[in-house]
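Student: Can you take me through this model, question by question? Please end each answer on the value or name I ask for.

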Amino acid sequence: MELSSFIIFLAAIFTSNILLTNFLGMCSFLSVSKEIESSLGLGFAVVFVMTMTSALNYLVYHHILVPMNIVYLQYIIFILVIAAFVQLIEIIIERFSPLLYYSLGIFLPLITVNCAILGVSLFLIIRNYSFVQSVAYGAGSGLGWLLAILALAGIRQKVKEKFVPIGLRGAGLSLIITGIMALAFIGFSGVVIIQ
Amino acid sequence: MLFGIINTVLIVSAISGILAFLLVIADLVFANYGECKITINDKKEVKVEGGDSLLSTLNENKIFLASACGGRGSCGFCRCKVTAGAGPILPTEKPFLSPQDIKDDFRLACQVKVKEDIKIEIPEDIFNIKKFKAKVSQIKDLTHDIKELHLQLLEPQEIDFKAGQYVQLQSNKYAKIKKSVSRAYSISSSPDKNKEIELIIRKVPDGICTTWVHEYLQEGEEVNFTGPFGDFYIRDSKADMIFIAGGSGKAPIKSMIEYLSKHKTERRMVYIFGARARKDLYYTEHFQNLEKQFPDFTYLPILSRPTAQCNWNGKCGYAPNYFDEFIKDPKNTEAYLCGSPGMIDAVEKGLKKKGVSSENIYYDKFA
Amino acid sequence: MKETPQEKKIRQNLQESGISPQGFLGEDERHIHEIVATDLAVLERLGKTKEEIADRMEFFSQEAFSHYDGNVIIDQIYEIEYDTVRGKIPCPFDHPGLFRKGEITLNNLHKNLKISWTPLNIHMIRAHGFFEGKGAKHRLEPKDLIEILFK
């Protein structure tokens with residue numbers, strides 16, 4: 001059954017949230033989710049980069065790797081494309097929008113190694129998405145990631161002032177919270193299945 | 001087989017090559033700001049390489065704005081007027097700029113990046129600020145925690161400053177300190193001696209620069225400093241003068257009084273120096289000798305906490321206790337204060353109560 | 001754990017010779033967030049907020065600033081002494097502004113306990129919940145601090 005791009009977009013946000021169902025991008029998810037403000041910055045950077053790189057990697061895969069018969073090199077090539085793209089964007093933003101650079105620029109280097117971004121590029125190949133579907137999936141996954149990190153940051157900001165047993169402080173409690181959030185998101189899973 | 005391997009390697013290299021090429025192009029096109037023009041006060045124009053902060057670009061062109069934090073945007077000293085080409089105000093600058101400042105185009109030079117032609121307005125005095133290379137000709141102990149540093153100028157060989165101004169001394173790296181810092185110290189010698197300056201440096205517990213001066217700096221070493229900065233200097237008038245200093249606040253006042261002694265003044269002067277105990281007093285003889293060179297100058301060291309060992313039979317207490325005795329004509333008195341903020345606040349209050357107008361009170365708070 | 005660029009900068013500032021030669025961390029090897037969280041938990045247990053503590057420290061500091069040089073005694077319980085030195089220090093968390101150097105010593109005469117802090121400590125407690133790392137020169141143990149600051 002051919003899924004519409006919009007459904008994929010919604011599913012990527014809620015039912016197949018890249019973070020809460022695949023647990024990808026955990027590293028920056030745990031370390032930058034201390035404050036709402038910086039997690040929002042990182043979240044938007046992820047949305048932007050994920051959308052753009054899923055489009056780019058779709059094109060690279062179908063127009064370079066497949067014709068040349070080197071599909072097995074997709075990992076290396078995807079990583080290269082993502083890294084180069086992030087670097088390019090950083091240079092451009094710095095030039096044209098100092099304000100945006102101030103708020104987003106510092107997060108861009110962190111994203112280069114965010115595995116959720118590579119994950120999205122790989123999933124869209126495995127699932128045989130069309131170009132439009134790929135972009136929708138990339139954007140949706142980005143928004144889903146943003147949603148998840150915002151939720152965690154909100155909770156962590158509340159927890160910060162409270163007493164937490166010593167053994168659970170830091171990553172421990174965050175992982176438990178993430179787990180409970182993931183359970184909650186299972187509630188959406190009956191709506192649509194894309195994987 | 002071999003062909004396949006070479007082919008694949010070539011393709012991967014080509015793709016990485018293209019990506020690298022794109023980045024290089026982007027770097028050349030976007031990150032290269034080319035030559036920019038900085039117009040200063042609508043008169044002077046300097047051509048500079050764009051891409052760096054305004055503060056460091058100006059520094060490279062031998063225009064030195066004051067800066068205590070080294071461009072991290074936390075001191076706000078490098079505030080200056082940028083009338084064109086500065087771009088939007090960054091969140092890092094906002095805390096330092098009042099709404100009026102923003103209306104008047106004030107910016108922090110360390111946060112403004114030079115990306116296009118820029119127009120700035122700075123006070124003319126700033127052109128007098130230079131970077132000096134000097135040799136440490138002498139280090140002398142004044143008290144248990146204060147040293148006098150003599151710096152013989154090497155490059156340029158002369159300095160032009162007003163008595164009371166300060167310089168920013170650059171520390172070298174030492175021991176675990178891997179960064180050079182610059183700190184402000186008042187010049188304690190008279191402007192008449194323009195080939196050498198003296199600084200009085202009190203050891204600050206955990207101070208990066210003072211620890212360096214006190215424990216690592218040797219006679220004969222070369223150091224760098226920029227200056228002169230500051231608007232704490234003697235106003236030219238006929239009014240009586242009262243100088244009040246505490247701790248290492250003696251430096252600018254010493255410079256002022258030595259300058260006045262060379263330039264014959266009839267002004268009535270008193271200098272109150274506050275210290276805690278006798279071991280904190282220094283230059284006492286020097287100032288007692290100076291007393292004789294003026295028609296009407298009193299040097300009054302006072303101790304706030306003399307101990308039995310001090311064997312002190314001079315005056316005790318705090319400066320304001322002696323205002324009645326020494327301020328004869330408050331309306332016609334200028335006050336020059338240098339010391340800790342607490343001391344300045346207390347003394348200023350005392351002076352105003354006595355009737356000295358606030359326009360005539362000049363001070364250098366330890367900052 | 002991965003650090004954001006800001007966290008990295010803050011950590012470098014806090015370490016030896018970043019801003020102060022001794023640094024603010026002492027021998028504490030915990031992550032800064034852990035240091036803060038542990039101390040805030042102690043406050044929670046003792047029923048004080050970091051703002052209350054900072055306010056109280058600010059109050060004593062202001063008293064000390066307004067009396068130049070000498071000791072001040074408040075309510076016949078608190079003896080404050082302030083040793084000024086020249087210069088200002090920036091906040092290691094890259095907050096704007098500079099803080100006066102110098103040390104304020106508070107002596108609780110009733111309990112015969114003494115503690116010293118700098119104006120920067122007040123800011124770091126209020127804005128960042130940071131009482132410095134264990135073994136740092138101006139580490140303020142929240143328990144002791146509360147004991148001395150409040151009657």
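**Cores, contacts and backbone**

Student: Which residues have the most contacts inside the largest nonpolar core?

Tutor: This is a predicted model. Its largest nonpolar core has 93 residues. Those with the most contacts inside it are Cys78(B), Ala109(B), Leu199(B), Ile244(B) and Tyr271(B).

Student: Leaving aside neighbours within four places in sequence, which residues is Tyr271(B) in contact with?

Tutor: Tyr271(B) is among the residues with the most contacts inside the largest nonpolar core. Neighbours within four places in sequence are set aside here. The residues left in contact with Tyr271(B) are Phe243(B), Ile253(B), Ile257(B), Phe287(B), Tyr299(B) and Leu300(B).

Student: How many residues are in the second, separate core?

Tutor: The second core includes Ile18(A), Phe29(A), Met52(A) and Tyr129(A). Its size is 53 residues.

Student: What is the pattern of elements in chain A?

Tutor: Chain A has 9 helices and 0 strands. Of its 195 residues, 42% are buried. From the N terminus on, the elements run α-α-α-α-α-α-α-α-α.

Student: Among contacts in chain A with a separation of 6 or more, what share do residues 24 or more positions apart account for?

Tutor: The count covers contacts in chain A with a separation of 6 or more. Residues 24 or more positions apart account for 80%.

Student: How is helix 1 of chain A oriented relative to helix 8 of chain A, and why?

Tutor: Helix 1 covers residues 5-13 and helix 8 covers residues 131-160 of chain A. Their axes come within 7 Å and cross at roughly 25 degrees. Angles under 35 degrees count as roughly parallel. That crossing angle therefore makes helix 1 of chain A, relative to helix 8 of chain A, roughly parallel.

Student: How do the residues in the contact of helix 1 of chain A with helix 8 of chain A divide by class?

Tutor: Helix 1 of chain A passes helix 8 of chain A in a right-handed crossing. Residues making the contact include Phe6(A) and Phe9(A) of helix 1 and Tyr137(A) and Leu143(A) of helix 8 of chain A. By class, the contact has 13 nonpolar, 5 polar and no charged residues.

Student: Why is helix 3 of chain A oblique to helix 7 of chain A, and what is the angle?

Tutor: Helix 7 spans residues 115-126 of chain A. The axes of helix 3 and helix 7 of chain A are 9 Å apart. The two helices count as oblique because of the angle at which they pack. That angle is about 45 degrees.

Student: What handedness does the crossing of helix 3 of chain A with helix 7 of chain A have?

Tutor: Residues making this contact include Met50(A) and Tyr58(A) of helix 3 and Val120(A) and Leu124(A) of helix 7 of chain A. By class, the contact has 8 nonpolar, 4 polar and no charged residues. The crossing is right-handed.

Student: Which element of chain A gives the most residues to the side that touches chain B?

Tutor: The contact takes 17 residues from chain A and 17 residues from chain B. Helix 3 (36-68), helix 4 (74-96) and helix 5 (98-104) of chain A each give two or more residues to the chain A side. That side divides into 15 nonpolar, 1 polar and 1 charged. The element that gives the most, with 10 residues, is helix 4 of chain A.

Student: How does the side of chain C that touches chain B divide by class?

Tutor: This contact takes 26 residues from chain C and 32 residues from chain B. Helix 3 (50-66), strand 3 (88-90) and strand 4 (98-100) of chain C each supply at least two residues of the chain C side. By class, that side has 9 nonpolar, 9 polar and 8 charged residues.

Student: What pattern does chain C follow along the sequence?

Tutor: Chain C has 5 helices and 6 strands. Buried residues make up 36% of its 151 residues. The pattern is α-α-α-β-β-β-β-β-β-α-α.

Student: Where is Pro156(B) found?

Tutor: The peptide bond from Glu155(B) to Pro156(B) is cis, with omega near -15 degrees. Pro156(B) is found in the loop between strand 7 (146-155) and strand 8 (166-170) of chain B.

Student: Is Asn69(A) buried or exposed?

Tutor: Asn69(A) has a positive phi of about 65 degrees, although it is not a glycine. Its place is in the loop between helix 3 and helix 4 of chain A. Asn69(A) has 11 C-beta neighbours inside 10 Å, so it counts as exposed.

How values were computed:
Residues are numbered from 1 along each chain as its sequence is written. Chains are lettered from A and ligands numbered from 1 in the order in which they are written. This is a predicted model: local features need pLDDT of at least 70, side-chain atom pairs count only at pLDDT 80 or more; totals for chains, interfaces and linings use all residues. Two residues are in contact if their C-beta atoms, placed from the backbone, lie within 7 Å. Helices (H or I, at least four residues) and strands (E, at least two) are DSSP runs, numbered from the N terminus. Ala, Val, Leu, Ile, Met, Phe, Trp, Tyr, Cys and Pro count as nonpolar, Asp, Glu, Lys and Arg as charged, and the others, Gly among them, as polar. A nonpolar core is a set of buried Ala, Val, Leu, Ile, Met, Phe, Trp, Tyr and Cys residues joined through C-beta atoms within 7 Å. A residue is buried if 20 or more other C-beta atoms lie within 10 Å of its own, exposed if 12 or fewer, and partly exposed in between; C-beta atoms are placed from the backbone. Axes are lines fitted to C-alpha atoms, for helices over the stretch in contact, and angles run from 0 to 180 degrees between N-to-C directions. Angles under 35 degrees count as roughly parallel, over 145 as roughly antiparallel, 65 to 115 as roughly perpendicular and the rest as oblique. A crossing is left-handed if the near helix is turned anticlockwise from the far one by less than a right angle, and right-handed if clockwise.
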